[in-house]
Amino acid sequence: MRMYDIIKKKRDGFELTEEEIRFVVQGYTRGEIPDYQMAAFLMAVYFRGMNERETYDLTIAMLDSGDRLDLSSLSGIKLDKHSSGGVGDKISFVVLPIAASFGIKIAKMSGRGLGHTGGTIDKLESIPGMRTSLDKEQFLKVVEEVGFSIVSQTENLVPADKKIYALRDATATVENLSLIASSIVSKKLAAGADAIVFDVKVGSGAFMKDLDQARKLSSLMLDIVKRNGKKAKAVISNMDQPLGKMVGNALEVLEAIECLKGQGPRDVMKLSYTLVKEMLDLAGVKVSFDDIREKVRSGEPLKRFKKFVEMHGGDPSIVDEPTRLPISGDVVEVRAQREGYVAKIDAERIGNACVLLGGGRSKKEDTIDHSVGVELLKKVSDPVAVNDVLARVYYSKKSDLESALKIVESAYVLSEQAVEPLPIVLEVIE
């Protein structure tokens, strides 16, 4: 079996066998298949696609490339939550502490930035001293004591995905249903949870651009999970504009802390509460939105987040003094040139602007600048007067500021009439 023949076969639109898919995954993981051939294979898959059987086989081959985490030592049902990727998506930092406050356990492994979307691990590492790589015993100890933990993917847990994930990011092969589903689900299955809630984004800032695509991705992931004996739900959420007001690593941690105080933007709070409710439902815990709001008001989720930061070696004082986060003091304002109403904010453009500022990766070896990002002062449906500040751009010396400013300006579309934004939660699929 030769990689050349498999690339050619998929390039020409033919279905791959389970053996061929395993050959690709195992060969690339072991370093026997070079990046340039794997990049060609990914591009062939991107254009030609994979059917459900190929996608399932790819997921299981990736899952079998490494270890599986045993969570049996943890008490009760173990849950997990995963987002398909969006702009301004700091939801895990809000959802997990709240859900854990109701007595469930969440052991979450997350990735770094991919394309125009930020990575959960990159955001966490903006907290001074924060360690996202823990050994199994430390990880489980945090979950048992705090109720949740978030760590980076270990070398031995789905190592195939770790290599493929970075290559997809650098070769413009991210937005493909099969590649997204296999990447997400292989990690979720390997992480050992009993039940999983997927937050599937749809819109300009998501990898899924329309609702039909989002439904297909949801169904694909739910099918793979359930075939492996796990419970799962999918929440389809709107990503036609960035989530919340903050986009960028440290800025998003700042906003998450505000949300845990019950003071976050309405869209972030609504989606967070919905995901908490669906996670608890899978665990057999029935709550209302009022119950969740009351839990936030009690301050317990915020205390859990603070304890989580402390147990990961981070500076817990950032919870009480968010100014200790590394947020750039160099700021440029983007102002409105005319009056009207915000009709659209292209979320993907805002994400790309953040990458140009240094808050994301253009190449897989790029380092992240945690201090930069974009703050959106006006969102869809907001009235705007001439010279109003639409957004603030936080930059550093390494930022491509001129290009980023042009993109942020072009991301805003104004209209003469007020436009009602789409609801943040579009559908729940079981």
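So, Tyr341: its bridge partner in strand E10 is Pro383. Strands here are DSSP runs of at least two residues, labelled E, and helices are DSSP runs of at least four, labelled H or I, both numbered from the N terminus. Strand E8, residues 340-345, is joined to E10 by two bridges, and the two run antiparallel. For two strands to count as paired, DSSP has to find at least two bridges between them.

Before I go on, this is a predicted model: local features need pLDDT of at least 70, side-chain atom pairs count only at pLDDT 80 or more, and totals for chains, interfaces and linings use all residues. Residues are numbered from 1 along each chain as its sequence is written, and side-chain values use heavy atoms, with hydrogens and water left out.

Contact, by the way, means heavy atoms within 4.5 Å.

There's another open sheet, with four strands in the order E6-E9-E11-E7, again antiparallel. Strands E6 (246-247) and E7 (331-335) are at the edges with a single partner strand each, so one side of each has no neighbour in the sheet. E7 pairs with E11, residues 389-394, over five antiparallel bridges. One to click on: Arg335, whose bridge partner in E11 is Val389. Helix H15, residues 347-359, lies across E6, E9 (373-376) and E11, and runs at about 140° to E9.

Now follow the chain out of E11. In the loop between E11 and H16 sits Ser396. Is Ser396 buried or exposed? At 15% relative accessibility, Ser396 counts as buried. The cut-offs are under 20% relative accessible area for buried, over 50% for exposed, and partly exposed in between, using a 1.4 Å probe and protein chains only. The side chains of Ser396 and Asp369 make a polar contact of 2.8 Å. A polar contact is a pair of N or O atoms within 3.5 Å; within protein, one must be able to donate a hydrogen and the other to accept it, and residues adjacent in sequence count only if both atoms are side-chain atoms. Leaving aside neighbours within four places in sequence, Ser396 is in contact with Leu357, Asp369 and Val372.

Next, strand E1, residues 78-83. Six of its six residues are buried, so E1 is largely enclosed by the rest of the structure. Both faces are covered: Lys78, Asp80 and His82 are buried on one side, and Leu79, Lys81 and Ser83 on the other. E1 pairs with E2, residues 105-110, in the parallel sense over two bridges, and Lys78 has Lys105 as its bridge partner in E2.

On to helix H8, residues 159-170, and the loops around it. In the loop between strand E3 (148-152) and H8 is Val158, with a positive phi near 45° although it's a residue other than glycine. Val158 is buried, at 0% relative accessible area. Inside H8 is Ile164, buried at 5%. Apart from neighbours within four places in sequence, Ile164 is in contact with Tyr28, Met38 and Leu42.

How many of its residues are buried? It's 13 of the 14, so H9 is largely enclosed by the rest of the structure. At its start, a side-chain oxygen of Asn176 reaches to within 3.0 Å of the backbone nitrogen of Ser178. Just after H9, Gly192 has a positive phi of about 85°.

Last stop, the largest nonpolar core. It has 145 residues, and those with the most contacts inside it are Phe41, Phe198, Phe305 and Phe308. Helix H12, residues 266-282, gives the largest share, nine residues. Such a core is a set of buried Ala, Val, Leu, Ile, Met, Phe, Trp, Tyr and Cys residues joined through side-chain atoms within 4.5 Å. If you centre on Phe305, residues it touches include Phe93, Ile127, Phe148 and Leu260.

Definitions and conventions:
Axes fitted to C-alpha atoms, helices over the stretch in contact; angles between N-to-C directions.
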